[in-house]
Amino acid sequence: MDASIGPWHRTRCLLYFKIIFLFFKVYALPDDTFSEELLVKPFESGQVLFHFQFTTLWNASTAEPGSFTHYRLFPKALGDVLVKYQVQELHLSLTQGLWRYEKWGYPPEDAPPGVELWVWFLPTVSNIDKTWSDLVNALSGLFCASLNFMDSKSTVLPRWSFRPMGLASEYYSFDSRFMRYSALPKEIVCTENLTPWKKLLPCLSRVGLATLLNAMKLYDSYYSSLGIHVRPVCRTQTCTDQSIELKQTLSVVFDPTISSSGYQNWQLRSLFGDPLTSQCPLASISKVYLDKAHLQSSDATVTLYPEPDEVVNFTRGREKLTYAVWDIGRQISRHQQLNLAIHYNRKIHYGEINPPPVYAQRFITGFGLEKGGITSIIYNNLDTNLTAIYMETIPWFLRLYFSSITITNHGIVVKPYKIHYVPGKDRARNYQLELVFRLRPHSVTKISMQFERAFLKWTEYPPDANHGFYVNSAIISTVLPDAYNYTASPQTSSLLGDSTRDNSTEFFLRLHTETLLVSLPTPDFSMPYNVICLACTVVAIVFGSIHNLTTRRFIAVDPDKQVGIIQKIKNKFKRNKPEEIVAELTASESVDQKNESDIKTKKKEEMG
Amino acid sequence: MVLLAEEDKTLHVYAAVGIGVVCLVIGVPLWWKTTDVYRVSLPYSDIDQLAQYKIQYGVDVTVISFDEQMVDADLAALSKHLMDSLDRNPTPGDISSRYRTNVKEKTTQESSLLSSSTSVSDLDAKLNEVYKQDHNHYYVILLPQTSQLKVKAPVIGLNRNIFFTKEEKDIKQLADQIGQTLKEVVVRERSVLKAYEAAKGSRDQKPDKERMRTVRSHPGYDITFTLVNSQPDIIDAQWDIQHAVHAYLEPLTKRLKKYAAINVQSQVLYFTQMMTKPKTDKEKNEHYYTTKELPLIINPIEANLGSPASNNPELNFLVYVPTRDEHPLHIRDDTGMNLASNAFLSPRWGGIYICNIPSPPQNASLPVRPSIDMKKVMEIFLFQLRLLFNLLYQGSTSVDLIPVGNTVVAEWELDGWLRSHCVENLATATATLQSLAQLLGQISNIVINDDIGQEVQSAVQSIKESYQLLKEGFLEKAFLASREAIISSEKAFFDPSLLELLYFPEDQKFAIYIPLFLPISFPVFSSLFKAFKWFRETKGLTKAKQE
């Protein structure tokens, strides 16, 4: 359902995909390396982001299954799965809470609430649907999450929104047949997902940065997101061989102002329960970075403990940034521990926060249980045009009207460059919509669509059906010309620390909007049995009366001799008095043979 | 008027009978048919029959006498005694062996082989070349006393040759010795019986080491070698596992490739420790675990081993490098002696080897990266693997085995493996089919798809085929057929479609239908009852009239 568009349009909207296939930096690697990093970013709103990233690089490739035989730093449990299901790239995120773009800017790894999984399979896979279903079952066992619900009903093949993040040929990366995307917005993420995630680390959670990952503290936070990202990367500059990169990320947002009575002060011990006392000996890099962007803008005096080993000033895009860097190994050999702390001399002032260049909101419109709508509002605060891809996956029971999809910018209708629309099928397929359109400078673009709510079969309702049904986040992908509020590591490198050496001019951004909760017309669940009983009763009454009509005689009763009910009952007791004639219209079952024969004899007598 | 009423009555009675007939003859079967679930008919009687079958396996034995002193009469006597000896003491139960023996004198070609051979193993290889020895056909070679190759105790070669020397014993004694060696060591009748009983799951089994240790038969195995570096910040031991697997394990995996897919992988675990603290012997300044403590060691380590992505049974072999506090760590047996191997085996799970690496000196830059002697490690693990696969003969009969060395498995051992696995597969597949048939018989609303029907059919077919082949002595083909049988039967048994309608029990079905059936059947039956009563009355009346 591609809208036909002019050639220059097409060039333009494909232009930024090119940045995805950038060249990779040189690494003179041993067979495998591991590094642990932590990025800390205090926000103006008082919260603090801690983003842990554990990166394993290994000279192996899923395209050559033989190379995944003798594991050292790479986890065997995950490697087996990747090889068995011939995965080229895998991105899994398990998130509790919603990332607030307006207040916090962009996260290092973007993730929607719940679970999101997208996978690129090797072109050698013959039956991708079957492989996908086996893979999600294997992963669901590995991470103790209900990934097995990612069946064909909730899986889609996005055409433009998800491109390979790692090494891929151009031909392959434009063929969305090899990729699958699915999300479970309802999934609750907790300790049982964290524990298997920690087991994949070579140092487990015994030493190094992972000792801070205490489930009691992590899930007592504003936002917490686990991620597993596997992609092939170049081994050397010439890129003759592939390596595999496994990035395990964990983002957590705390609000220290609550426990420090209005001050934004914190230390590792108060937030994570313990200071850092060891370094993973297998890691080639163990560093903590602190983004000082919002420290300098405030008028308070901020003190960092201990003194950073290094303060790096760098420019990313047009944005001037400062990172304070601690080398964990050096800190521990000097102080036996690293209890990173920030001290402010005054309470936090809640003021207006500069939102990031592009962000979005999404909500349900309409009332009643018959029809409804979804509206997304995308803000562009930049002074340039941006091309954005908007992706929406809507469950089949919200029947989307294609004609109702409108994009407006301050009341002016925006014509999308491209539309990819896959209509849903009842009980088989989701509605899938991808729109490519322009975001005008300093404007608000509104996308709205209408749907009709379907009736489900009574077995299709989940437990607690009145809670409502979740709709996946919409995904907005675009390329920013500037790195304002941008924290993700450069796409061409594996490490967080490489952000300081990033000289790219374009920054790929993927946003996830809010998930939606929609209520469907929900029946009273005892109803089916009531309906069965009612319908059966009606059938039984009809049958009973017809049956009676055909198998019984009806006799006219003399109205003069009709007797009242009381008399009838009396007669029953005086049955042996023959002179009293009782005639009955026998419609009921209770009439017995004796009565009938009584009538017969009476009649005969009369006639005689 | 009376007549009219009578006619009316007759009409009504017939109407009642008509409705009753329609309800019973058309309604009930129609309802039954429309609410019935799809069930392919399975060969239930065949499955029942399979359970009654008695497994019989054939073995071919050829005795070649190089002994000039044995005359034809001696050979005839030997043949007779050997047959007696082999048929004596049959193993109890549903399983029996059938030997076909052939005793003959050497040919000139054979005697030249003997004279050109320098050792028994040389002769063994040459005989194998000449006869192109196939599975399940054993050659008993009677070496003359005069030959320089003469053996004291029976010797079993790497192929399928067993060497004897007739000393001053009489023929009967020799025959007994040959028979016993064949039954106990080469064919391992007792092992086959154990495999069968274990697979059949008979209740009244005594605990038996061999049966409990041996890994169950499966079309594939995952072998994982794990190096546990408990303190990589002090000792980060390295191993060249890739080379070791290639050198030591590949001969075995290649040899078994046709019969079982063996997938070998390795990993390194760091910071994984034994949860139970070892005891300390202050005198010798060493630490030790007693044999009683060993079972407690495995569980905490196993939690970190990770689960494989396949359904194959997994065998784990661990090299544990102790922490500095635990060093040196030993395993002590009940007598308080340190085990020379410093390794132990966990039945059906794998083995653990504790590799003591000397602590680095005080001034060394940490971590030190010593490499582990893979020859020792693989020797231990291969021995354990042979035990787990039940390739190793451990019995009381005194025989000399030519060491297997690098080939890891001797041909006659492989035959034994095939034989017990074939029998085990047959027993398992039969038991699986039986329980499937029983399950489907018990729960009548399980849907049985065509696929399941087909799998069951092919399993039954393969089992029958395998029985026949085994009886005739075609061991390899019988094994392959039995493997087919087990794959098909498991596929049928674990088919997810069997579970689909399981949660709709019979009583609920009737709860749904009763609101319809009760009000309809009541008038139908009562009017039918009345109709029959009327028929009887009229019959009585007409009879009375006639009289």
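## The A–B contact

Chain A puts 34 residues into the contact and chain B puts in 32, where two residues are in contact if their C-beta atoms, placed from the backbone, lie within 7 Å. On the chain A side, the elements giving two or more residues are helix H2 (76-84) and helix H12 (527-551); helices here are DSSP runs of H or I, at least four residues, numbered from the N terminus. H12(A) brings the largest share, 11 residues.

## What the model is

This is a predicted model: local features need pLDDT of at least 70 and side-chain atom pairs count only at pLDDT 80 or more, while totals for chains, interfaces and linings use all residues. Residues are numbered from 1 along each chain as its sequence is written, and chains are lettered from A in the order in which they are written.

## Domains of chain A

Chain A is assigned domain 1 (7-347 + 481-518), domain 2 (526-550) and domain 3 (556-608), with bounds from an automatic or database assignment. Taken over C-alpha atoms, the centres of domains 1 and 2 of chain A are 63 Å apart.

## Nonpolar cores

The largest nonpolar core has 256 residues, and Val140(B) and Tyr353(B) have the most contacts inside it. Helix H12 (residues 411-442) of chain B supplies the largest share, 12 residues. Such a core joins buried Ala, Val, Leu, Ile, Met, Phe, Trp, Tyr and Cys through C-beta atoms within 7 Å; buried means 20 or more other C-beta atoms within 10 Å of a residue's own, all placed from the backbone.

Methods. A residue is buried if 20 or more other C-beta atoms lie within 10 Å of its own, exposed if 12 or fewer, and partly exposed in between; C-beta atoms are placed from the backbone.
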